[in-house]
Amino acid sequence: MGVFDFIKGELLEIIEWTDDSRDTLSYRFPDDDKAIKNGAQLIVRESQVVQFVYLGEFGDTFGPGKHTLTTDNIPILTRLKSWKYGFNSPFKADVYYLNTRLFTGNKWGTANPIMVRDEDFGIVRARAFGIYDFKIVDPKLFLKEVAGSDQNFRLDEFSDTMRSRIVSVFSDALASARIPVLDVASRFTELGDALLPLINPVVSSKYGIQIASFVVENVSVPPEVEQAIDKKSSMAAIGNLNDFVKYQMAKGMEQPGGGGAAGTASELAVGFAIAQQIMAQQNLGNLTVTGATGAAGAPSAAGAAGAAGAAGAPGALPELLSPADVAKSIGVSEDDVMTIIQSGELGAKKIGTSYRVTRAALEKYLGS
């Protein structure tokens, strides 16, 4: 081997990279301690970009095509190396190939619950996961912030590096968008589309990548929040609470024995109303209630109920009832009773921190 052949073997004349891995993001061309000769051929294929780095500083960037490395097309390297009279001698530099194609199906997820401020439920802990597609748009920034000087930076390394960063960006975007938890948990497609314009500016400026699609596959909240959501849905389905209570009373009357205390109360109210109608039809005059007995000698509603209570009749109601007693007597939940009380439909008196309902007030409500 002659001296010329030896020198030629120490120079790089063709620089190219054929990627057949499908998961490599950046690749540092192995120079084997060889220098790049003047006029060397740089081959960059589609979906590739080449970034030169000289002594830790970014040099020239090349897109797809065949490039002849001369002074004219490496102006940054010419300036960094301080070639006064142009690129005439071989030089050494790191050559990074970056894959600019779209990488799809990358998973993201919250390792721990994130705190979300919600208008309906206050501050809520939520977990979320999904997939996203991305591509490299700024080679210099990507090398600086993500890949570093790794000779062969692969997709699995990127996933580990970016998972927490993507979650952080997702959390910030979700807080900025102020999307209610009810919508987060039910409108995944719209959520991803809505968050994408908020996420992309951040990841592009910080990491040199662009997210083509961001999909939220699931969002879960603590069990107590799920129960609150279910309860709110149930209340919306019920609609008018007053009509619902009356419906429950009617259902109770259909049961054998009249549905216990609920049946007794409702039967009394209906019976008194029927009695008054019969007396009116018989022209017995207007019934004036003066106490336990009316002017025509017929028992009034309050008097009959009081007499039944005094006699200790089965199923009779006491004079004062707690919300729990009212709920049990008419077959609904105590929360429903409190809602009726607070709305003013059912008269009640607050004693300390508790409410008490008179039997007459309950009978008036049931007869309305």
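1. In what order do the strands β13, β14 and β15 stand in their open sheet, and is the pairing parallel or antiparallel? In this predicted model, the three strands follow the order β13-β15-β14, and their pairing is antiparallel. The edges of the sheet are formed by β13 (320-321) and β14 (349-351), each of which pairs on one side only.

2. Strand β15 covers residues 354-358 and runs antiparallel to β14, to which it is joined by three bridges. Within this pairing, Ile351 has Ser354 of β15 as its bridge partner. Helix α13 (residues 359-367) packs on the sheet and touches β13 and β15. The direction of helix α13 makes about 70° with that of β15.

3. Strand β3 (residues 35-44) pairs with strand β1 (residues 11-15) in the parallel sense, over four bridges. In this pairing Leu42 of β3 stands opposite Ile15. With strand β6 (residues 65-68), by contrast, β3 runs antiparallel, and four bridges join the two. Here Gln41 has Thr68, in β6, as its bridge partner. By way of background, the strands of a sheet pair through backbone hydrogen bonds, in either the parallel or the antiparallel sense.

4. Which strands make up the open sheet of five, and in what order? The order is β5-β4-β7-β2-β11, with antiparallel pairing. Strands β5 (57-62) and β11 (152-154) stand at the edges with a single partner strand each, so one side of each has no neighbour in the sheet. On average, and with direction ignored, neighbouring strands of this sheet are turned by 20° against each other.

5. Tyr27 stands opposite Tyr97 in β7.

6. Two helices are to be noted against this sheet. Helix α3 (residues 139-147) packs on the sheet and touches β2, β4 (48-54), β5, β7 and β11. The direction of helix α3 makes about 135° with that of β5. Helix α4 (residues 155-177) lies across β2 and β11, and runs at about 65° to β11.

7. Most residues other than glycine have a negative phi. Asp32, although not a glycine, has a positive phi of about 50°. Asp32 is placed in the loop between β2 and β3. Leu55 is likewise a residue other than glycine with a positive phi, near 50°, and it lies in the loop between β4 and β5.

8. Are Asp32 and Leu55 buried or exposed? Asp32 has a relative accessibility of 60% and therefore counts as exposed. Leu55 has a relative accessible area of 70%, and is exposed. The cut-off for this class is a value over 50%.

9. Asn200 belongs to helix α6 (residues 188-207). Its relative accessibility is 14%, so Asn200 counts as buried, the limit being under 20%. Which backbone atom does the side chain of Asn200 reach? It reaches the backbone nitrogen of Ile211, at 2.7 Å. When neighbours within four places in sequence are left aside, Asn200 is in contact with Gln210 and Ile211.

10. How many cavities of 30 Å³ or more does a search of the whole structure find? The search finds one. The largest cavity holds about 60 Å³ of space. The residues that line this cavity are Arg117, Asp118, Glu119, Arg178, Ile179 and Pro180.

11. Some totals for the chain close the note. The secondary structure of the protein chain comes to 13 helices and 15 strands. The chain has 368 residues, of which 37% count as buried. Among its contacts between residues at least 6 apart in sequence, 66% join residues at least 24 apart.

Definitions and conventions. Residues are numbered from 1 along each chain as its sequence is written. This is a predicted model: local features need pLDDT of at least 70, side-chain atom pairs count only at pLDDT 80 or more; totals for chains, interfaces and linings use all residues. Side-chain values use heavy atoms; hydrogens and water are left out. Two strands pair if DSSP finds at least two bridges between them. Contact means heavy atoms within 4.5 Å. Axes are lines fitted to C-alpha atoms, for helices over the stretch in contact, and angles run from 0 to 180 degrees between N-to-C directions. Buried means under 20% relative accessible area, exposed over 50%, partly exposed in between (1.4 Å probe, protein chains only). A polar contact is a pair of N or O atoms within 3.5 Å; within protein, one must be able to donate a hydrogen and the other to accept it, and residues adjacent in sequence count only if both atoms are side-chain atoms. On a 1 Å grid over the protein atoms alone, a cavity is a set of points where a 1.4 Å probe fits but cannot get out, and a pocket is an open set with protein on both sides within 12 Å along at least five of seven lines; lining residues have an atom within 4 Å of a point. Grid points are joined across faces, edges and corners, and a volume is the space filled by probe spheres set on the points.
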